Amino acid sequence: MAADFEKMIGKYRKASGDLDGFGPWSTLLKGTRDRFMWLSDARSAAHAAPGHKVAIGYTEGLGFNAFAGTNADGDIIGICLNVPISLALLFNRTLMFKAVTPWLDEFDDSHVDPEPLTADDLRFAMSRLPPHPTGKFGVIRTKLSIFMTHIALDFVFFHELGHVWNGHTSLIRERDGIGAFPEIDGDRKLAVSAIDRQTLEMDADCFAGRIMATYPFPEKEWLPPNPGWEKEFGEGSTYLIIRIVAIYLAMRCFDEVASLENMENRSHPPVAVRQYFFMGAFFAALNKDTGRDLFELHRMVLPVIQLGEEAFALLTGKPVDAAGVKLAYSAEGIEYGLGLLKNWGKLRPRLDPLKRGGTLAPVAEF
């Protein structure tokens, strides 16, 4: 499959990354690539025609992005080499702040928090080489940093897999001959409108949320429970909240202005709206698959936002900024979200013939 990826990647004006050239990072790169191949093959075996595979690998370049594509050779997912390295450094730095996970109680009085960085330094760590924070992790924070990195990377992968499985890349291929979804606004113009692109991005986020709610990721017995969370939300809530925080914080590092201006020229919904949709899909799937009370699950949104925003403020040295949260839950934000759902009703029938066993959301009635 690696050979297939290298063969296909050139058609998208990108190059395959050399996973042997990154020292200790090579283990992370190879391990996650192999895991994504396994997850993809397992889904293909369960839902698609026999032998269906997605070529998966890492690409050269330094953008905090990924892409999914479909052409005559088949389906492909490429993740920029900067992404896993930046995420690993992000969570390593985050957990060096004593206030982020105080219940872990691993730092003594000599501990010094890291110096703040800009959001660009966090997102483009591979090229900017930000200084490593001083001090040492304990065993728990080390494991937690690795765990959160893998959760955030899984989201990147499943989002791209959603573009393939839900027929998004096939739709683009119908329009322009080579279907690809680059996860960066500055890339080439796509053969769909801005509102259609935003709707498909919402669907890919929800695809990832639905799968990640109950996909195989073993419980972490080494993770000490947060007493407050466990008391308020029940047993196992620490593990659940930490998983969602990893994705929330990775998205938060895009650090965009919370605004609905110029949406006619934007490829993605505002980050805060994406976080809102992801959590909604995650909780809905958990409710459906496990029977957990949906209202109680939605109450977990508050600690997720609180920890995610406080961590980002510490990382960047900025005050806690609630603008994104206010936008997502404002009348304007809700109206925008409903607009995407209404557009989904128009767009979905064009995807039905193209999907490969995907999990297309139903059309809502208004």
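Five helices, α2 (25–47), α6 (139–165), α8 (194–212), α11 (271–290) and α15 (331–351), each give at least two residues to the lining of the largest pocket. This is a predicted model, so to speak: local features need pLDDT of at least 70, side-chain atom pairs count only at pLDDT 80 or more, and totals for chains, interfaces and linings use all residues. Residues are numbered from 1 along each chain as its sequence is written, and side-chain values use heavy atoms, without hydrogens and water.Helices are DSSP runs (H or I, at least four residues), numbered from the N terminus.

Now the pocket itself. A pocket here is an open set of points on a 1 Å grid over the protein atoms alone, where a 1.4 Å probe fits, with protein on both sides within 12 Å along at least five of seven lines; lining residues have an atom within 4 Å of a point. Cys-206, Arg-210, Ala-281, Ala-284 and Ala-285 lie nearest the centre of the largest one, and α11 supplies the largest share of its lining.

| Largest pocket | Value |
|---|---|
| Lining | 36 residues |
| Lining from α11 | ten residues |
| Nonpolar lining (Ala, Val, Leu, Ile, Met, Phe, Trp, Tyr, Cys, Pro) | 26 residues |

On to the helix pair. Helix α3 (residues 82–94) packs on helix α10 (residues 237–252) at about 110 degrees, their axes 11 Å apart; axes are lines fitted to C-alpha atoms over the stretch in contact, with angles from 0 to 180 degrees between N-to-C directions. The two are therefore roughly perpendicular (65 to 115 degrees). Leu-87, Leu-90, Phe-91 and Thr-94 of α3 meet Ala-246, Leu-249 and Ala-250 of α10, contact meaning heavy atoms within 4.5 Å. Six of these contact residues are nonpolar, one is polar and none is charged.

Conventions
Angles under 35 degrees count as roughly parallel, over 145 as roughly antiparallel, 65 to 115 as roughly perpendicular and the rest as oblique.
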